[in-house]
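This briefing covers the domain layout, the domain interface, the ligand surroundings, the salt bridges and the backbone geometry. The structure comes before the notes.

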Amino acid sequence: MGYVPYGRQRIDSDDIKEVVKVLKSDWLTQGPKIKEFEAALCKYAGAKYAVVVSSGTAALHIACLAAGIQLRDEAITSPITFIASANCILYCGGKPIFADIEEETANIDPEEIEKKINRRTKAIIPVHFAGHPADLEEIYKMAKKNGLLIIEDAAHALGAEYKGSKIGSCEYSDMAIFSFHPVKSITMGEGGAVLTNNKDLYGKLLMFRNHGIMKSHSKLRVKNQKLIGDWYYEMQELGFNYRITDFQCALGISQLKKLDKFIQRRREIASIYERGLKNNDYFNLPQEKNYAKSSWHLYPIRIKDKYKAKKREIFCKLREKGLGVQVHYIPVYRHPYYQNLGYGKNSCFNAENFYQREISIPIYPSMRDKDIKYVSDAIINVFKRIT
Ligand SMILES: *Cc1c(COP(=O)(O)O)cnc(C)c1O
């Protein structure tokens, strides 16, 4: 069967054609494809504004900057996430605070967030783990009561829905970020975006993407630009070069057209796993809450209590069988960098418990039915032999 990874991109000849067109055009970067992709993202997700950048991490960074996170501010996020969800707070001089997860979805628990809010708290960064939306309405109510901003880390969740609206619509948040890394819902190689309905935040995001430069006349600090000259612009903030190229945006536009098909296939695979693997003695399957439609970025199984001590061995055997299983995630505060900052090793009970059990098994749109069967059989066989 060869190697079945946990996730991978799906690129076809249309995608390649679109990229080549841009490579032959006048604009490699800063051209028309960027705005076109931003408009397409807005239309898909139902948000007013989008700012496309060079990675999901860059998107998180400028979102935190636009939110005004500064030295000694706190922002609350999930420990079960890719490190970037917390690092973006550190980039701004802020302090990441980890709120424990709910057992069922492995998403940040609104009640745990509430316990962590204090005078220094500025923002909440919920992560839609595995593509299953966090309970945004609950988080939103709490955030607004306390004057906090919400930045959704929706890196897993392009194409997912919460209570009937698309993730990225920012119906229950101030900003949402996406990643277009090859394992995510759609890809541009590297790439990311911030979506928002707030014009003021939008203006800041644009500036932080491009060195903090302001060019629009009405927003210059100097009052009459005409007296100086037409070359005049201002750097008003310390921004970055987080721009993306036009040929990557051409890929993004082409990929976005296929997103619904990709998600449909991911959902099909999840239901085939569900049918084939439910009621097994060894592990529990991920479930969808009734308020959620998951984009199934990952398929995270949880080893049952009596076998969890064997996780290392099970993981090894699955890899030997050619399954590109992975663990999502090592709780962020466990990394040496965070330990050196003084974070406790067992800060979050549910996150620790989840980490002891979780294994992500392959799920991606180009998986064939026989791959799904191979994976399902291989997993059951490995557990049978080891337990
Ligand atoms: C992938 C990912 C990111 C970072 O995106 P990049 O495009 O790789 O920088 C951030 N948060 C989560 C949860 C991710 O999975």
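A salt bridge is a side-chain nitrogen of Lys or Arg within 4 Å of a carboxyl oxygen of Asp or Glu. A search of the whole structure finds 23 salt bridges. The model is predicted: local features need pLDDT of at least 70 and side-chain atom pairs count only at pLDDT 80 or more, while totals for chains, interfaces and linings use all residues. Residues are numbered from 1 along each chain as its sequence is written, and side-chain values use heavy atoms, with hydrogens and water left out.

**Domains**
- The protein chain has domain 1 (4–256) and domain 2 (260–386), with bounds from an automatic or database domain assignment.
- The centres of domain 1 and domain 2, taken over C-alpha atoms, are 26 Å apart.

**Domain interface**
- In domain 1, 48 residues are in contact with 48 residues of domain 2, where contact means heavy atoms within 4.5 Å.
- About 3900 Å² is buried between domain 1 and domain 2, and carbon and sulfur atoms give 60% of that area. Buried area is the accessible area (1.4 Å probe) that two parts lose on being put together, summed over both.
- Two salt bridges are counted between domain 1 and domain 2.
- On the side of domain 1 that touches domain 2, β1 (4–5), α4 (84–91), β4 (95–98) and β7 (161–162) each supply at least two residues. Helices (H or I, at least four residues) and strands (E, at least two) are DSSP runs, numbered from the N terminus.

**Ligand surroundings**
- There are 16 residues around the ligand, and Gly56, Thr57, Asp153, Ser179 and Lys184 come nearest; a residue counts if one of its heavy atoms lies within 4 Å of the molecule.
- A polar backbone atom of Gly56 is 2.8 Å from an oxygen atom of the ligand.
- Thr57 places a polar side-chain atom 2.5 Å from a ligand oxygen atom.
- For Asp153, a polar side-chain atom lies 2.8 Å from a nitrogen atom of the ligand.

**Individual salt bridges**
- Lys293 pairs with Glu161 in a salt bridge, with the closest N and O atoms 3.8 Å apart.
- Asp15 and Lys258 form a salt bridge whose closest N and O atoms are 2.7 Å apart. This pair links distant parts of the chain, 243 residues apart: Asp15 is in helix α1 (residues 13–23), and Lys258 is in the loop between α8 (246–256) and α9 (259–277).

**Backbone geometry**
- The peptide bond from His328 to Tyr329 is cis, with omega near 0°; Tyr329 is in the loop between β16 (323–324) and α11 (336–340).
- Ala130 is not a glycine, yet has a positive phi of about 65°; Ala130 lies in the loop between β5 (121–125) and α6 (136–145).

Notes: Polar contact = N/O pair within 3.5 Å; in protein donor to acceptor, adjacent residues only side chain to side chain.
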